[in-house]
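Please go through the points below with the model open beside you.

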There are 2 protein chains.
Amino acid sequence: MDTAQTTASTLGSADQVTHNDMANAIRALAMDAVQKAQSGHPGMPMGMADVATVLFNRFLKFDPKRPDWPDRDRFVLSAGHGSMLLYSLLYLTGYEDMTLEELKNFRQLGSKTAGHPEYGEAGGIETTTGPLGQGFGNAVGMALAERILNARFGDHLVDHWTYVIASDGDLMEGISHEAASIAGHLGLGRLVVLFDDNGISIDGSTDLADSVDQVKRFEAYGWHALRVDGHDPAAVAEAIEAARASDKPSLIACKTTIGYGAPKLAGSEKSHGAPLGEDEIAGAREKLGWPHGPFEIPEPILHAWRQVGAAGGELSAAWDGRLRGAGDDIRTEFLRRQEGRLPEGLGDAISAVKRTLLEEKPKVATRKASQTVLEALVERIPEMIGGSADLSGSNNTKTSGHQVVTRGDYAGNYVHWGVREHGMAAAMNGLALHGGVIPYSGTFLIFSDYARPSIRLAAMNKLRTIHVMTHDSIGLGEDGPTHQPIEHLASLRAMPRLRVLRPADAVETAECWQVALESADAPSVLALSRQGLPALRAEGAEENYCRYGAYILVPAQDHRQVTLLASGSEVHVAVEARAMLAEEGISAAVVSMPSWDIFLDQPAHYRDEVLGTSALRVAIEAASGFGWERWTTLDGAFVGMKGFGASAPTGDLYKHFGITPEAVVSTVKDWL
Amino acid sequence: MDTAQTTASTLGSADQVTHNDMANAIRALAMDAVQKAQSGHPGMPMGMADVATVLFNRFLKFDPKRPDWPDRDRFVLSAGHGSMLLYSLLYLTGYEDMTLEELKNFRQLGSKTAGHPEYGEAGGIETTTGPLGQGFGNAVGMALAERILNARFGDHLVDHWTYVIASDGDLMEGISHEAASIAGHLGLGRLVVLFDDNGISIDGSTDLADSVDQVKRFEAYGWHALRVDGHDPAAVAEAIEAARASDKPSLIACKTTIGYGAPKLAGSEKSHGAPLGEDEIAGAREKLGWPHGPFEIPEPILHAWRQVGAAGGELSAAWDGRLRGAGDDIRTEFLRRQEGRLPEGLGDAISAVKRTLLEEKPKVATRKASQTVLEALVERIPEMIGGSADLSGSNNTKTSGHQVVTRGDYAGNYVHWGVREHGMAAAMNGLALHGGVIPYSGTFLIFSDYARPSIRLAAMNKLRTIHVMTHDSIGLGEDGPTHQPIEHLASLRAMPRLRVLRPADAVETAECWQVALESADAPSVLALSRQGLPALRAEGAEENYCRYGAYILVPAQDHRQVTLLASGSEVHVAVEARAMLAEEGISAAVVSMPSWDIFLDQPAHYRDEVLGTSALRVAIEAASGFGWERWTTLDGAFVGMKGFGASAPTGDLYKHFGITPEAVVSTVKDWL
């Protein structure tokens with residue numbers, strides 16, 4: 001407390017503004033906004049104000065007038081509950097859309113100052129954080145993207161750092177382990193994590209639940225790690241210098257006091273997640289030497305902060321010059337990737353693949369078909385960065401042209417993520433947030449559960465991340481119920497804005513890849529089969545049928561009595577059932593439904609035409625029937641799974657669980 | 001390889017049987033079973049056969065004739081893909097239901113030898129493993145349960161160890177971080193993890209994706225950690241001795257060769273997950289000095305293994321004597337807890353709480369009501385072990401009578417799990433698997449996503465774990481969309497066997513707790529509100545209405561035209577809408593639906609009566625409408641969320657998203 005107590009606030013000009021004045025501006029805004037909202041987290045911004053002031057003042061490269069400047073440093077507030085730290089900094093340094101009015105509307109409907117920072121709400125919010133560990137994981141992806149683009153475009157265009165503020169909670173979450181070990185392995189030296197080591201969590205002292213030696217832990221990951229007094233600006237600056245000098249990612253454990261400045265609540269969990277109250281705030285004003293009113297920042301202090309912001313303008317202008325000087329081809333290509341525009345010719349490439357497939361009609365697993373598509377795409381779309389969570393051969397995500405990204409050599413376009421589905425998904429979000437790359441990666445569909453919190457944030461953040469998820473049903477066979485997704489399609493379909501794509505054959509796989517790539521503002525899950533599937537599509541090389549979400553694959557031979565609805569590996573079951581029904585004089589159409597969410601967006605008349613308004617509808621999917629009532633009938637004629645799977649060869653399982661053409665026929669006859 | 005190459009197999013009697021003979025029996029069975037199944041993972045069992053032989057031979061306390069002997073050591077094969085290691089050991093040591101026939105039926109439909117070990121399929125399978133890291137997390141819970149019961153019943157009844165075999169993949173997963181830091185913090189010295197440090201993962205050398213110094217990492221967690229040659233039996237034994245001598249949990253990194261003995265594939269990822277092939281197996285037989293045919297274990301070797309198993313019989317008999325000697329009260333109580341039978345009087349206790357609530361009619365958040373219920377239950381059910389992932393005050397999981405479990409003092413009944421939802425859920429599974437305790441814990445409903453893989457395994461394993469998940473909708477207000485569950489109810493309802501319980505008021509909260517506790521073979525999620533809710537129930541102190549899953553809370557005043565279906569915090573919205581509709585002469589009933597899965601199990605006539613066969617059905621839930629079509633109509637009259645939430649005060653959000661009585665009335669009128 002000593003430093004704060006001795007702060008003078010007799011300010012003449014910006015030159016006389018001290019570090020403490022600048023840090024106290026953050027503290028005051030945080031106290032005031034939380035108090036006004038009667039909700040929020042003052043403790044962290046007050047505790048980390050010193051560290052953040054050093055970082056923004058002396059290190060962070062940013063231009064508040066150009067929040068999307070590609071070569072800016074990335075600042076990630078992983079401890080998103082301390083959002084007022086970020087909002088204060090954005091206001092103070094002069095981001096135009098972060099006005100004082102917004103701070104006063106903290107946590108109110110329609111404001112840019114949500115409870116936790118939301119990407120897209122205001123410039124300078126690099127990612128949505130709050131669910132702990134996610135920002136940390138995003139930052140690993142951002143730091144990786146920087147190196148990957150640096151390897152392609154050179155130091156003069158790509159030369160920036162990724163800084164993170166992380167809390168105890170971030171480091172307790174398992175995702176921090178996955179993300180940190182990836183960063184250590186890949187030697188992402190431009191990643192600097194400032195750990196708010198305040199010793200306090202919501203339940204009380206972190207001693208209640210934690211006794212990890214974080215410095216030792218991060219050293220074990222191959223990081224540069226050290227401890228520092230987080231209220232000693234010179235020591236913090238020295239530590240950041242040392243971090244920048246190291247070729248390893250760095251963890252700086254900053255010993256801080258939560259709620260620094262609050263006379264009674266500093267150092268207590270009571271300052272973490274609730275307003276301090278009028279009395280305590282008055283006491284803090286006194287203790288900090290901050291006599292100014294609520295939301296009042298004296299002009300010299302604001303000016304000092306604005307100067308920090310303004311300094312970035314020169315840097316970004318110089319960078320513009322370098323981009324212009326790089327030549328038209330490089331500039332055009334750099335900007336195309338940065339803006340997320342796909343290269344021309346994707347449609348032609350997909351059509352070419354489809355033409356071959358329509359001719360050859362391979363019986364092939366859709367995961368294998370996906371690899372065929374990727375062989376055509378990866379070379380054509382150099383910003384695609386592939387990978388897998390240690391299942392490259394099973395997910396078929398790696399192509400002949402891929403080069404692996406390794407420590408010190410980032411020219412590659414394939415990442416071995418290790419058995420780290422969650423860290424991988426969070427890092428993919430970071431890659432996408434950074435821009436200039438399009439990440440896709442693989443794991444088994446069952447492990448979407450491990451990655452789910454990050455997939456959700458991709459959806460919230462409107463990120464184009466593509467998740468290749470193979471072994472998408474009991475069709476994976478002998479690995480058994482621990483590996484057989486049952487409820488996963490439903491639970492992913494329930495997630496807003498996520499594209500769930502389950503192609504029925506090789507042609508649909510090509511189409512679904514196109515849909516995923518063209519969905520610039522949504523993540524996609526490609527649910528792919530382990531087992532071989534017959535070629536079902538006879539036509540449509542030029543038109544992408546999957547863009548409709550669902551379509552009539554085989555029309556009824558006659559007046560339609562039945563619509564068989566299926567996705568993925570069960571579509572051929574429906575086709576076979578249709579033939580059997582035809583023999584019995586029952587006329588059925590087969591609808592392939594690769595994507596519910598896209599189909600839902602189609603006009604009602606199209607949906608009616610596909611579903612058949614007066615036909616009996618029977619759904620077939622080797623998964624939970626949960627949600628299928630949306631498309632079938634009230635009590636749901638559904639042929640699929642009722643519970644968990646079993647371990648046995650694929651064919652035995654389909655018979656055992658009654659997902660066969662015969663079962664479909666019998667269900668239809670029961671209902672007709 | 002040297003040791004293996006010099007193995008003689010000229011065996012006269014069990015006395016002459018060597019370590020290598022015994023280990024080779026495991027290797028041979030693993031090779032043969034995978035080869036016969038044409039599917040599976042031979043590499044790990046062959047690599048870890050030496051370590052497992054030392055463990056089972058010299059340390060593990062078990063009685064194959066009594067797989068449920070409470071004081072047995074627990075052996076967890078976290079690297080579940082190496083299931084043939086476990087199955088071989090169970091057969092060799094004489095577990096009666098693990099016959100040679102079962103080994104020959106490895107991975108076939110109906111066998112006990114699933115691709116990954118499945119709890120309940122055969123004695124000696126302590127937990128279902130395969131999804132990496134889960135077994136490790138379970139083991140932490142088992143080791144904790146042992147200490148907790150030891151603190152209650154003493155060394156003479158509870159005195160055992162938990163051993164784990166874990167792989168690179170287990171240790172890469174984030175859950176390993178959470179579980180290990182909990183174990184280190186709580187000083188679970190009876191946990192010994194044997195890490196199969198074979199340097200190989202599916203994609204190839206672990207160097208491709210990992211460079212963590214695991215010994216240093218675990219030391220940072222407060223573990224005893226060391227490295228050992230996993231093919232040197234004496235060294236392994238010495239390491240286990242040292243682990244047992246330490247008062248910390250131990251990690252023994254066993255340097256092994258995957259596929260040990262296979263002439264060409266040993267040390268390669270090619271031996272990991274596919275049959276070795278006839279030639280390679282023949283070569284391995286030669287190299288290992290194992291001339292016996294497939295599935296053939298020479299009598300002396302089998303006898304030696306069976307003697308290992310038989311030795312446990314004496315120990316378990318001695319334990320029986322001690323239990324008898326402990327006196328009737330202790331014996332009865334010990335067995336009651338061990339068998340998972342609730343103490344008598346639960347129903348009365350719940351009724352008593354309900355009577356008070358029916359009288360007082362408090363307007364209270366269901367999370368708060370849950371705490372009231374817990375105050376009554378925790379003392380009465382001493383085997384309940386509460387906890388929270390650092391949200392004790394928010395989840396209201398801690399009662400006045402709780403005592404915290406700490407390192408060295410395990411007499412408590414409350415665990416501060418830290419910000420570790422996944423590790424907590426996996427450890428809860430371990431607590432439940434161990435038996436003698438009933439774990440419940442809290443976090444926000446949004447973070448069910450973090451814990452999901454473990455919740456699924458609780459459902460597969462039929463475990464009574466109770467997840468208190470509060471802040472269950474946009475009703476949490478200002479924390480915003482990162483913390484507002486939308487699709488979570490749907491995605492949990494889609495999971496087989498999971499009870500999802502969402503009570504509408506305090507009385508229903510008491511009932512849902514009773515349902516959860518009485519669901520001895522299923523995990524439960526209690527979705528509870530942050531915001532206060534009016535008392536809705538006027539009666540039913542003695543009968544538990546929530547046992548029906550759904551029921552008519554307020555009947556239609558007249559011939560029913562409309563059924564309003566709602567759960568949790570939206571039931572009162574429905575009640576208010578009903579009154580408004582009544583004013584307009586529209587007769588509506590309100591159905592409270594705390595649990596879909598239970599309602600689904602009711603007889604059709606009851607369901608029809610509740611839903612109203614000819615009434616318009618309108619569902620109201622502050623969540624995704626996904627799945628509601630099951631209960632409403634085909635196109636779903638649904639008042640709820642269409643996308644992600646927002647940050648604002650609760651009342652503003654309900655208005656903003658149109659989840660109000662007025663909106664319900666207007667929807668009804670549109671449809672009628």
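**Notes on helix packing and the chain interface**

1. A:Leu89, A:Tyr91, A:Leu92 and A:Thr93 in H4(A) meet A:Leu302, A:Trp305, A:Arg306 and A:Gly309 in H12(A). Contact here means heavy atoms within 4.5 Å. By class, this contact has five nonpolar, two polar and one charged residues. Ala, Val, Leu, Ile, Met, Phe, Trp, Tyr, Cys and Pro count as nonpolar, Asp, Glu, Lys and Arg as charged, and the others, Gly among them, as polar.

2. This is a predicted model, in which local features need pLDDT of at least 70 and side-chain atom pairs count only at pLDDT 80 or more, while totals for chains, interfaces and linings use all residues; side-chain values use heavy atoms, with hydrogens and water left out. Residues are numbered from 1 along each chain as its sequence is written, and chains are lettered from A and ligands numbered from 1 in the order in which they are written.

3. Helices H4 (residues 83-93) and H12 (residues 299-325) of chain A pack at an angle of about 85°, with their axes 7 Å apart. H4(A) and H12(A) are therefore roughly perpendicular to each other. Helices are DSSP runs (H or I, at least four residues), numbered from the N terminus. Axes are lines fitted to C-alpha atoms, for helices over the stretch in contact, and angles run from 0 to 180 degrees between N-to-C directions. Angles under 35 degrees count as roughly parallel, over 145 as roughly antiparallel, 65 to 115 as roughly perpendicular and the rest as oblique.

4. In chain A, the axes of H3 (residues 43-59) and H10 (residues 233-245) come within 9 Å and cross at roughly 55°. H3(A) and H10(A) are therefore oblique to each other. Their contact has eight nonpolar, no polar and three charged residues.

5. In chain B, the axes of H2 (residues 19-37) and H12 (residues 299-325) come within 10 Å and cross at roughly 95°. That makes H2(B) roughly perpendicular to H12(B). B:Asp21, B:Met22, B:Ala25 and B:Ile26 of H2(B) touch B:Ile301, B:Ala304, B:Trp305 and B:Val308 of H12(B).

6. How are the two chains related? A rotation of 180° with 0.0 Å of shift along its axis superposes chain B on chain A, with an RMSD of 0.0 Å. That is the relation of a two-fold axis. Copies are superposed by least squares on the C-alpha atoms of residues with pLDDT of at least 70 in both.

7. The contact between the chains takes 102 residues from chain B and 102 residues from chain A. The area buried between them is about 8,200 Å², of which carbon and sulfur atoms give 58%. Buried area is the accessible area (1.4 Å probe) that two parts lose on being put together, summed over both.

Technical notes
Helices (H or I, at least four residues) and strands (E, at least two) are DSSP runs, numbered from the N terminus.
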